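Please look over the sequence and the structure before reading on.

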Amino acid sequence: MATNAAADKYSVLLPTYNERENLPLIVWLLVRAFEAHKFNYEIIIIDDNSPDQTIEVAKQLQSLYGEHHIVLRPRPGKLGLGTAYIHGIKHATGNFIIIMDADMSHHPKFIPQFIAKQREKDYDIVSGTRYMGDGGAFGWDVSRKLISRTANYLAQTLLRPNASDLTGSFRLYKKEVLARLMEECVSKGYVFQMEMIVRARLLGFTLAEVPISFVDRVYGESKLGGMEVVTYAEGLMYLFANT
Amino acid sequence: MATKLQQFTLVFGFVSAVWTVFLLNLQPAALKPSPAVSQIIPALPFVALVAFCAYSLMAIGYRLATFNDCNEASQELQQEVKLARADLSAKGFKF
Ligand SMILES: Nc1nc2c(ncn2[C@@H]2O[C@H](COP(=O)(O)OP(=O)(O)OP(=O)(O)O)[C@@H](O)[C@H]2O)c(=O)[nH]1
Ligand SMILES: [Mg+2]
């Protein structure tokens, strides 16, 4: 299916939980990136009733940038990231969906690169990668890097997915492809992102990668505990045995 | 399609079977290895394991050492945060 570029619309799904510091900044950067390239876009903010009143910030942004660019789809409580994406897709009017974190780890400047890459060969998915070319991460100490490198090596060895960054969550999907994958995938957290790529490969969807620089969150709390490592290992085993 | 576990089991099983045949000297006479090769056959699984571990450590170590720290990206972002704050404030946004 060759798409008519002028008719393309990009729906950014922005799940937020306690991101009142980051949200205005990420939205400003998004608007700037989209306007600079004259892309059609909407930013769907899915806030789970954050105690820090992120929603109040979101409403201000909506009145600033307009209801067709900033769409608010709040939910009554913290229901998790996976369901936030499902909730977001339901309301998306674009033919492409961009998923990214609202904590400024993912810079909107890469979105025009994602779009250009997608149009090269009409890819179904374009995934940001920290592990190729100019990609990388800021704010990681040696142990964080070691964990990340080891986790990635294990996943590459066991799953052979033909994609360098399985756990990243900065990606562009064709809407129907994302909807289809969301039906298939059962995992949560990092493993969910990994399962999306693995299942995409099994279903024959095409995928390209764009190197991204990941900047660890400045505002708000970061967590990578022992529990996450265990969950990751379990998820990896699950995918090894089931895909 | 076979799962990754099934694929692994298949390949592992096949290689193990071939190794066992040579270990027990059950192969056709034409394939009889020289005495020097025969000697190392019992140690092959161990050699393979060590080689795999060494390769893994090297691969992870190399990528750890060459990991891109993205310092410029962080600095650029800090500049942009200032721009964004100034512009948003000018437009009447209350942080
Ligand atoms: N709506 C919604 N958003 C969430 C929820 N949990 C996390 N988020 C958002 O999802 C994005 C990614 O979450 P993070 O907490 O940054 O997860 P992470 O990047 O794995 O971990 P950090 O190291 O803390 O950055 C952020 O934009 C969060 O605000 C949730 O339960 N509901
Ligand atoms: Mg984050």
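## Area of the interface

Chain B and chain A bury about 3,300 Å² between them, and carbon and sulfur atoms give 67% of that area. The model is a predicted one. The size of an interface is often given in this way, as the accessible area lost when the parts come together.

On the chain A side, 42 residues take part in the contact, and on the chain B side 35 residues do.

## Salt bridges and polar contacts

The interface of chain B and chain A has 4 salt bridges across it. One of them joins Arg85(B) to Glu21(A), with the closest N and O atoms 3.6 Å apart.

## The chain B side

The most comes from α4(B), with 12 residues. By residue type, the side of chain B that touches chain A divides into 19 nonpolar, 7 polar and 9 charged residues.

## Cysteines

How many disulfides does the structure hold over all chains? The number is 0.

Are Cys185(A) and Cys70(B) buried or exposed? Cys185(A) has a relative accessible area of 11%, which is under 20%, so Cys185(A) counts as buried. Cys70(B), with a relative accessible area of 2%, is therefore buried by the same cut-off.

Definitions and conventions. Residues are numbered from 1 along each chain as its sequence is written. Chains are lettered from A and ligands numbered from 1 in the order in which they are written. This is a predicted model: local features need pLDDT of at least 70, side-chain atom pairs count only at pLDDT 80 or more; totals for chains, interfaces and linings use all residues. Side-chain values use heavy atoms; hydrogens and water are left out. A disulfide is a pair of cysteine sulfur atoms within 2.5 Å. Buried means under 20% relative accessible area, exposed over 50%, partly exposed in between (1.4 Å probe, protein chains only). Contact means heavy atoms within 4.5 Å. Buried area is the accessible area (1.4 Å probe) that two parts lose on being put together, summed over both. A salt bridge is a side-chain nitrogen of Lys or Arg within 4 Å of a carboxyl oxygen of Asp or Glu. Helices (H or I, at least four residues) and strands (E, at least two) are DSSP runs, numbered from the N terminus. Ala, Val, Leu, Ile, Met, Phe, Trp, Tyr, Cys and Pro count as nonpolar, Asp, Glu, Lys and Arg as charged, and the others, Gly among them, as polar.
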